[in-house]
Amino acid sequence: MTEDGDVDDARDDEVLTIGAFAARARLSAKALRLYDRLGLLVPAHVDEATGYRYYRTGQIERARLVALLRQLDMPLARVAEVVRADGPEAAGLLDGYWAGVEARVAGQRTLAGYLRGRLSGRSSEVYGTFVVETVDVPEQVLISETRHTLADELPAWIGASLGRLEEAARGCGGVTAAPFVVYHAEVSMESDGPAESCVPVADAAAARAWSEERGRAWQSRVRVEPARRLAYTRITKAQVAHPQILAAFEAVEEWIAARGLTVAGPCREVYFADWEAAGPEDPVCDVAFPVA
């Protein structure tokens, strides 16, 4: 190699046929043609007469990076974002993708356990993994939004509605307790509720004024929630996803029935943790039923 690296530059400029390049990059020619069409890995030269593709050896590193990212089952659109980004930005994009993978796998693991118990007729064993307790909740002034929604739209609506209500709570004396979502009827892929997002606030008069001024825009209102005793179980972020969250609801219902208690109102999810900051295995939510 020369002192200024001319030999290395020459090696990077070496032209390879698609077959030779595929062998060096450990990719198939079919994959290279696909990556060309998507703009992920464009040939250095395409012969106009024959259509043959030629690559330079300097493209091998990028080709191998694409192949490795695909081994993570990363969608091609996301691969394109990563390979086009600078080093730190690319690493951040990879971290974001992998966090989503881990969250999805954690949720699937929980769902698989729930289904295994149901299919084997051992649902009671699954329910036994949930610790159910009771708590007395005092009377609360609530600002709320109500919406008919199916299960696939529910998470986005919960996040958006609680965000709006928590912002509004600043003008209503502030938030006084954990926000929660009440299910007045079943929410599933076939049934649309309705569901009600609720935020407890300190100032009832300010809450009523807010509701009169802006409530109609989001089907919002202010109401007083009476003091209640709740039977609840605490679940992780991974367990919140539908349908695996159903196991938690069923576990609480079984606990209530086994103790001769009566369900005294609609079920709810109480969100007490920072959702964005929480990992898949972090507790974030209480699944609860009012009992008498």
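**A charge over a ring**

Begin by selecting R234 and F272: R234 lies over the face of F272, at 4.1 Å from the ring centre. A charge counts as sitting over a ring if NZ of Lys or CZ of Arg is within 6 Å of the ring centre and within 35 degrees of the ring normal.

The model is a predicted one, in which local features need pLDDT of at least 70 and side-chain atom pairs count only at pLDDT 80 or more, while totals for chains, interfaces and linings use all residues. Residues are numbered from 1 along each chain as its sequence is written, and side-chain values use heavy atoms, with hydrogens and water left out.

**The aromatic cluster**

Next, select Y183, F249 and F289, which form one aromatic cluster. Rings of Phe, Tyr and Trp (its six-membered ring) pair if their centres lie within 6.5 Å; planes under 30 degrees apart count as stacked, over 60 as edge-to-face and the rest as tilted. Four aromatic pairs occur in the structure. Helices (H or I, at least four residues) and strands (E, at least two) are DSSP runs, numbered from the N terminus.

The rings of F249 and F289 have centres 6.0 Å apart and planes at 90°, so this pair is edge-to-face. Are Y183 and F249 buried or exposed? Both Y183 and F249 are buried (under 20% relative accessible area; exposed is over 50%, partly exposed in between, with a 1.4 Å probe and protein chains only). F289 is buried as well.

**The sheet**

Now display the strands. Eight of them form an open, antiparallel sheet in the order β4-β9-β11-β10-β6-β7-β5-β8; two strands pair if DSSP finds at least two bridges between them. The edge strands, β4 (132–137) and β8 (220–225), each pair on one side only.

**The chain start**

Finally, colour by pLDDT, the predictor's confidence in each residue, from 0 to 100. The protein averages 87, and 92% of the residues score at least 70. Over residues 1–10, however, pLDDT stays under 50. Where pLDDT is low, the predicted coordinates should not be read in detail.

Definitions and conventions. Contact means heavy atoms within 4.5 Å.
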